[in-house]
Amino acid sequence: MIQKLADKIKKTHAPICVGLDPMLNYIPEHILKKAFAEYGETLEGAAEAIWQYNKGIIDATYDLIPSVKPQIAMYEQFGIEGLKAFKKTVDYCHEKDLIVIGDVKRGDIGSTSAAYATGHLGKVTVGSKTYAAFDEDFATVNPYLGTDGIKPFIDVCKEEKKGIFILVKTSNPSSGEFQDRLIDGRPLYEWVGEKVAEWGADHMGDTYSYVGAVVGATYPEMGKVLRKVMPKSFILVPGYGAQGGKGADLVHFFNEDGLGAVVNSSRGIIAAYKQEKYAKFGSENYADASRAAVEDMIADIDGALNAVK
Ligand SMILES: O=c1ccn([C@@H]2O[C@H](COP(=O)(O)O)[C@@H](O)[C@H]2O)c(=O)[nH]1
């Protein structure tokens, strides 16, 4: 799967993923109206609206991009109906041959991590049958519990040829409260980055490891250091767009082969029609606005990478 990600990035010239983080207040009125007419103002109605909204964005962008990153929290808030919309979205993205990075940020003691890994990346056994429950291709994982919280994910990834992205330096403003704390003179995020490289050596694809890292676009200098600490790991880079990251901030997240990073934008793409720049599309054509925002993001990153060649 890591080679498929690299190959699709090469083919599309788009080292990006579209973040499928639906919120009801992003969903255009015509979609909400139809879903509520059918299911009422219920959790089912919300889930139907989310699904129709996602489908529109996927249909309008799938040929331009290698991957998507659905954020499970946005679905989970609507309970079981929301999780059904999450699963429907994952399956539809697979139908469109997109790589799905489940942003689920799991991680616990070993036995519990094993269950999370089974549910999101592996297969669960029920009597004589097995089922891939959520079936994402990659999942984000929290490393706070250490090696025994990570190992079960790697075991499932080996069986399934899937991967994980481990939180190393997150994009949010207060990520430094813990992640930048010095331990023996070095920030915690560097120690975690070293562990990612070590864990990753145990599950290599052809060129890149199945064990990647999350490093925010909002911390470009730290990204530059971490790129060198984890040369064989793909970096999932959130923080582009709505959080302020730009193409020029991202050049050092990439390796010299032009690979090694996949940049996420969620609100900046899925709610593009609400921005002044894309307002001409109107809410009826929200998906066309998302497509235009994807094209602009690809051009921005491509321009920045070419400028340093
Ligand atoms: O460090 C992190 C880790 C994860 N995220 C997630 O990425 C998206 C960002 O959404 P935008 O709308 O593009 O800001 C969201 O799902 C976060 O939970 C992150 O932002 N930073």
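**Exercise 1.** Determine how α2 and α3 are oriented to each other, and which residues make their contact.

*Solution.* Step 1: the axes of helix α2 (residues 29–39) and α3 come within 8 Å and cross at roughly 140°. Axes are lines fitted to C-alpha atoms, for helices over the stretch in contact, with angles from 0 to 180 degrees between N-to-C directions. Helices (H or I, at least four residues) and strands (E, at least two) are DSSP runs numbered from the N terminus.

Step 1: α2 and α3 are therefore oblique to each other. Angles under 35 degrees count as roughly parallel, over 145 as roughly antiparallel, 65 to 115 as roughly perpendicular, and the rest as oblique.

Step 2: I31, L32, A35, F36, E38 and Y39 of α2 meet E44, G45, E48, A49, Q52 and Y53 of α3, where contact requires C-beta atoms, placed from the backbone, within 7 Å. These residues divide into seven nonpolar, two polar and three charged. Ala, Val, Leu, Ile, Met, Phe, Trp, Tyr, Cys and Pro count as nonpolar, Asp, Glu, Lys and Arg as charged, and the others, Gly among them, as polar.

The model is predicted: local features need pLDDT of at least 70 and side-chain atom pairs count only at pLDDT 80 or more, whereas totals for chains, interfaces and linings use all residues. Residues are numbered from 1 along each chain as its sequence is written.

**Exercise 2.** Describe the packing of α3 with α12.

*Solution.* Step 1: α3 (residues 43–61) and helix α12 (residues 286–307) pack at about 45°, their axes being 8 Å apart. Step 2: α3 and α12 are therefore oblique to each other. Step 3: the crossing of α3 and α12 is right-handed. Step 4: among the residues that meet are G56 and D59 in α3 and Y286 and R291 in α12. The contact of α3 with α12 has five nonpolar, three polar and three charged residues.

**Exercise 3.** State how many residues surround the ligand, and of which classes.

*Solution.* Step 1: 19 residues surround the ligand, the closest being Q71, T170, P238, S266 and R267 (near means a C-beta atom, placed from the backbone, within 6 Å). Step 2: β12 (261–265) and α11 (267–270) are the elements giving two or more residues to this shell. Step 3: by class, the shell has three nonpolar, 13 polar and three charged residues.

Notes
Left-handed = near helix turned anticlockwise from the far one by under 90°. Contact = placed C-beta atoms within 7 Å.
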